[in-house]
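Dear colleague,

Please find the structure below, followed by a short account of what was found in it.

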Amino acid sequence: MKHSKVILLDALCLFVICLVVTFAVAGTRSAFKERIAKQEWAQTQAVMKKLIKAQDFQKEKLTGGQQAYKALDPNGKILGYLFITEAYGYGSEVSVMSAIADGKVVGVDILDASNETPGLGQNVTKKEFVDQFSNLQGSPEIVKSAPTSKNQVEAVTGATKSSTAVVKSVEKALALFDQVADSKK
């Protein structure tokens, strides 16, 4: 009987500790919500500025909950659009930001491939792979050997699924660009 009281008391103490820690973390997150949002936006803008040299970025409304931003020069002229899209790779969703101007891919940045295989799938974040997407016009095609045409992208060795996820994400971004371009006509 004494032994079960001790276990019950220990379990109750553990529950109270977990409850207090949970509320402390939630409270801290809530207290710094605006500051966290500003830092996240600053990081997003840094990636966007790397892809399109623009003065300002404004969120664009799209159907289906997709994320898009228009890049503006100091006079408010649209320089291009940036889209955040995802596709499933080997281990998880691969998140990609694609910059598109005049129907052409200006640049690509891999936002998250952290759950892809280290040393293989995570190599899609390397400059040599990502740079292959610059100046593509039309849907890219993944190949396992050296590209023979303009829209072909060589897959990362041993990471075809991760490479294909990036290509699919860029294809989604191109489709979203067409949607935005059609709505502006």
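**Salt bridges and the elements they join**

D109 is buried, with a relative accessible area of 13%; buried means under 20% relative accessible area, exposed over 50%, and partly exposed in between (1.4 Å probe, protein chains only). Please note that this is a predicted model, in which local features need pLDDT of at least 70 and side-chain atom pairs count only at pLDDT 80 or more, while totals for chains, interfaces and linings use all residues. Residues are numbered from 1 along each chain as its sequence is written, and side-chain values use heavy atoms, with hydrogens and water left out.

The structure holds 3 salt bridges, a salt bridge being a side-chain nitrogen of Lys or Arg within 4 Å of a carboxyl oxygen of Asp or Glu. In one of them, the side chain of D109 meets that of K50 at 2.8 Å, N to O. Because D109 lies in strand β5 (residues 104–112) and K50 in helix α2 (residues 33–51), this pair ties together parts that are 59 residues apart in sequence. Helices (H or I, at least four residues) and strands (E, at least two) are DSSP runs, numbered from the N terminus. K50 counts as exposed, at 53% relative accessibility.

A salt bridge also links the side chains of E60 and K70 (3.8 Å, N to O). E60 lies in strand β1 and K70 in strand β2, so the pair ties together parts that are 10 residues apart in sequence. E60 is buried, with a relative accessible area of 11%, and K70 counts as buried at 17% relative accessibility.

K127 forms a salt bridge with D131, their closest N and O atoms being 2.7 Å apart. Here K127 counts as exposed at 57% relative accessibility, and D131 as partly exposed at 37%.

Strands β1 (residues 56–60) and β2 (residues 67–72) run antiparallel and are joined by 5 bridges; two strands pair if DSSP finds at least two bridges between them. The bridge partner of E60 in β2 is A68. The two strands form a hairpin with 6 residues between them, and G64 in the turn has a positive phi of about 80 degrees.

**A nonpolar patch**

L9, L12, F15, V16, L19, V20 and F23 make a nonpolar surface patch of about 700 Å². Patches are made of residues with over 30% relative accessible area and no salt bridge, like charges being joined within 9 Å and nonpolar side chains (Val, Leu, Ile, Met, Phe, Trp, Tyr) within 5 Å; accessible areas come from the Shrake-Rupley method with a 1.4 Å probe, and for residues only the protein chains shown count as cover. F15 is placed in helix α1 (residues 2–31) and counts as exposed at 52% relative accessibility.

Yours sincerely
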